[in-house]
Amino acid sequence: MTLDFGVIADNWRFLLVQGLLGIGAFGGGTLALAVPTIVLAFLLGIGIALGRLSAQPWLYYPASLYVQVIRGVPLVMVVFWFWFFIPIAVGVPLPQYWVALAAFVVFEAAYLGEIIRAGIQSVPRGQVEAAQATGLRYTTTMRHVVLPQAVRNMLPSLVTQFIILVKDTSLASIIGYMDLTKAAQTVNQREIRPFELYLFIAVVYWLLTYGMSLGSRALERRTSTGVTGRVATVASS
Amino acid sequence: MPRPFLALAYQFQWSVLWTSPYLGWLLQGVLTTLTLALLGWLLAAALGAVFGAVRTAPSRVLRSLGATYVEFFRNVPLLVWMFLWYFGVPQVLPSPVQDWLNRHNGEFVAAVAALGVYHGARIAEVVRAGIQSIPATQLEAALSTGLTVSQAYRLVLVPIALRLIVPPLTNESLNLLKNSSLALTISVAETTFMTRQIESYTARGFEALTAGTLIYLGLCLGVSAAMARVERRVAIPGLIVRGGGVAH
């Protein structure tokens, strides 16, 4: 069977505008799901990380259990849990968007939490002691001293996880959310050109994630030049 | 009438999990998951070892070949690879091969290929990091004993790297095991697929999902424990800091 990339020329607008951006009759959109997931999962991840570092057993054990359980289960399973559970808990079925968003935030927060925990632990103990010595409270110390430094240290792993997250959003298509993958499936039902269509979205995903990794490398170069001197001085003193 | 709260609205019936045929479905699902993950892992490990080594090779052409493979295959969602291998690739194969695939579990072959090639790219990065952590003098010493470059890689560098990378490799193997669940989208009857099937036959979603979740947790714990033993067995004395920061 010969290849015919005319199918891309005919449908690229639907695939990109509807599937990638989420503008159109179906709602949906890979980016419309990925961006809020990144923000919310990062915030929840900070909470998980602080719980994992807490000296209070009632914070430490639940946070640790959360991380261990989620990391031992496939994402599809978490998506199906929410797909099944939300209608029972809320009483009405929610649109796929909210189910997918909830599942992804809960899943990715476990991974982000571990990255953030490692980042916080990489900040020298002396920094916290110095902050407390100047009279800062726990929250102020975290917000103005520890987290800004921790974020710099964990930036590479963090961006890697964000890239994984963007790829993971393709799983929302399983419950019928109109993302890039679902858009390709929808077009394919009419055109029966799976090779061309799936190869095209593979390239789109690739451009998106590869662009993110290039951006993160540039960001790392920018932030690291300002910081290495300082951390080295602190560590050696 | 006020709606009953959560569990009250739901009648539990755990016995479906050990009634025929549902118990058999679950066991079949686990068996398929294990076979799929094992075959996918073998393919991924082979691809990962070759391309990871190639990425550190002295030849610029070989290095960029390795980089192209890694960057393309790991930056596209596994789900898209599943669809491409299952729906797309047969379209460009000669029809005798298509017929053969249709008669021989084409979806299983596609799932193994997708898992192997995707995780191969990720394992290649682990292998590359392992090789690069070996001091350059090891390569020089190997070459000075008269080995060719490919012999030095095959007999010295890669074996040492494989022993160094057990912790991150464990992590990646667990990812592969969990990701094998995506094969349900191309109707491979693995654990998640069977979980869903039990849910739709019995309407016992809570019980079915609990069973699936516990199965994956158990498998992951089992693999972790087995790999921890392997790690102790193959550790190079003096080279690995136990519990160190290799895996993030």
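Reader: What percentage of the residues of chain B count as buried?

Author: This is a predicted model, and the values that follow are computed from it. A residue is called buried when 20 or more other C-beta atoms lie within 10 Å of its own. Among the 248 residues of chain B, the share that count as buried is 40%.

Reader: How many helices and how many strands make up the secondary structure of chain B?

Author: Read along the sequence, chain B follows the pattern α-α-α-α-α-α-α-α-α-α, and its C-alpha atoms fill a box of roughly 80 × 50 × 35 Å along the principal axes. The secondary structure of chain B therefore comes to ten helices and zero strands.

Reader: Are α5(A) and α7(A) roughly parallel or roughly antiparallel to each other?

Author: Helix α5 (residues 96–121) and helix α7 (residues 138–168) of chain A pack with their axes 8 Å apart, at an angle of about 150°. Contacts between them include Leu112(A), Ile115(A) and Ile116(A) on the α5(A) side, with Ala150(A), Met154(A) and Leu158(A) among the residues on the α7(A) side, and the crossing is right-handed. Because angles over 145 degrees count as roughly antiparallel, the answer for α5(A) and α7(A) is roughly antiparallel.

Reader: Is Ile192(A) buried or exposed?

Author: Ile192(A) lies in the loop between α8 (180–191) and α9 (194–236) of chain A, and its phi is near 50°, a positive value in a residue other than glycine. Most residues other than glycine have a negative phi. Because Ile192(A) has 11 C-beta neighbours inside 10 Å, it counts as exposed.

Reader: How many C-beta neighbours does Ala203(B) have inside 10 Å?

Author: Ala203(B) sits in the loop between α9 (191–202) and α10 (205–234) of chain B, and has a positive phi of about 60° although it is not a glycine. Ala203(B) counts as exposed because its number of C-beta neighbours inside 10 Å is 10.

Key:
Residues are numbered from 1 along each chain as its sequence is written. Chains are lettered from A and ligands numbered from 1 in the order in which they are written. This is a predicted model: local features need pLDDT of at least 70, side-chain atom pairs count only at pLDDT 80 or more; totals for chains, interfaces and linings use all residues. Helices (H or I, at least four residues) and strands (E, at least two) are DSSP runs, numbered from the N terminus. A residue is buried if 20 or more other C-beta atoms lie within 10 Å of its own, exposed if 12 or fewer, and partly exposed in between; C-beta atoms are placed from the backbone. Axes are lines fitted to C-alpha atoms, for helices over the stretch in contact, and angles run from 0 to 180 degrees between N-to-C directions. Angles under 35 degrees count as roughly parallel, over 145 as roughly antiparallel, 65 to 115 as roughly perpendicular and the rest as oblique. A crossing is left-handed if the near helix is turned anticlockwise from the far one by less than a right angle, and right-handed if clockwise. Two residues are in contact if their C-beta atoms, placed from the backbone, lie within 7 Å.
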